[in-house]
Amino acid sequence: MRIPGRPAALLASAAALAALCGCTVQPAGADGKRGLPVQVELPGSPGPGTARSSPVPGVTRTAPAAPPSAAPAVPAPPVLWSRGDTGPAVRELQARLRQVAWLAVGPTGSYDGPTERAVKGFQGKRGLPRTGATDSVTWQRLVAITRPPGRGELYPGAARPAAAADPRCLTGRVLCISKTSRTLRWMVDGRTLSTMAVRFGAQYTPTREGVFTVYWKSRHHVSTLYHSPMPYAMFFSGGQAVHYSYDFAARGYAGGSHGCVNVRDETAIARLFAQVRIGDKVVVSW
């Protein structure tokens, strides 16, 4: 038995369901044949895209969009100079750091502790990584706010050329120290291996002159009399020694020692300390 109007009702229900689910229903043709298959866009799908197969017959689904690729990592800028380096470029770096008040000492040409600390301070102030090494970005920032240093800035008056070696320095292993040029030469059999600027005792605590020998070395020495640090100390006459001086590195020739021979280049004296032996000669002269 046929119920009048049932096919129409069924069709209306199917159309309503299709609209609710996002389906597109193709009506039958004039010849009564079925139209194209139903296309379903599932709720929450990203929209039209590349079609992919579906286990439901007559249903097409769109593939989700591919996630964006991760951005490539930015490489670190190359390091130009770091602690232990020496040369004219390091001297220029130090002169420029002095121009912006990040380095108190005169240029030495050696990338030492004070230079490393000055670079760290400069980097931190400008939001750069505080590595203490001068990379290309740090150098560009420094050059942008400074001027090319003149010879007077690169070689200040206190850094005098080394005086001619005292004749007593021409044989054996000798720390040849000149009060005239304020320099120390490290000499072996008349050949100068290294030279560094030095500072001497003040008026009432002068550095003794004469020929001595190194009788004691103390890497981390602290003065028992003045309670001040004396790193890389090489004692040659009583309590007088050649050693690194933080005050000399900070204030230059504005100060003086209590009789010791102060060195302000930490890298240079560390290297010297490793080479000097107990019994090596020390000559202090004008």
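I began with R83, which is partly exposed, its relative accessible area being 40%; here buried means under 20% relative accessible area, exposed over 50% and partly exposed in between, with a 1.4 Å probe and protein chains only. I note that this is a predicted model, in which local features need pLDDT of at least 70 and side-chain atom pairs count only at pLDDT 80 or more, while totals for chains, interfaces and linings use all residues. Residues are numbered from 1 along each chain as its sequence is written, and side-chain values use heavy atoms, with hydrogens and water left out.

**Salt bridges**

I searched the whole structure for salt bridges (a side-chain nitrogen of Lys or Arg within 4 Å of a carboxyl oxygen of Asp or Glu) and found seven. One of them joins R83 to E116, with the closest N and O atoms 3.0 Å apart. R83 lies in the loop between β5 (79–81) and α2 (88–99), whereas E116 lies in helix α3 (residues 113–125), so the pair ties together parts that are 33 residues apart in sequence. For element names I used DSSP runs numbered from the N terminus, namely helices (H or I, at least four residues) and strands (E, at least two).

I then looked up E92 and R96, which form a salt bridge with the closest N and O atoms 3.0 Å apart; both lie in helix α2, four residues apart, about one turn of the helix. E92 is partly exposed at a relative accessible area of 25%, whereas R96 is buried at 5%.

The bridge between D166 and R168 has its closest N and O atoms 2.9 Å apart. D166 counts as buried at 15% relative accessibility, and R168 is partly exposed at 39%.

**Aromatic rings**

I searched the whole structure for aromatic pairs and found seven; rings of Phe, Tyr and Trp (its six-membered ring) pair if their centres lie within 6.5 Å, and planes under 30 degrees apart count as stacked, over 60 as edge-to-face and the rest as tilted. The F212 and F236 rings are tilted, because their planes stand at 55°, with the centres 5.4 Å apart. This pair links distant parts of the chain, F212 being in strand β10 (residues 210–213) and F236 in strand β12 (residues 229–237), 24 residues apart. Both F212 and F236 are buried.

I looked next at Y215 and F235, whose ring centres are 6.3 Å apart and whose planes are at 45°, so this pair is tilted. Y215 counts as partly exposed at 42% relative accessibility, whereas F235 counts as buried at 4%. Y215, W216 and F235 form one aromatic cluster.

**Largest pocket**

I read about 500 Å³ of space in the largest pocket. A pocket here is an open set of points on a 1 Å grid over the protein atoms alone, where a 1.4 Å probe fits, with protein on both sides within 12 Å along at least five of seven lines; lining residues have an atom within 4 Å of a point. The volume is the space filled by probe spheres set on the points, which are joined across faces, edges and corners. The lining has 25 residues, of which S223, Y226, S228, M230 and H258 lie nearest the centre of the pocket. β12 gives the most to this lining, with three residues.
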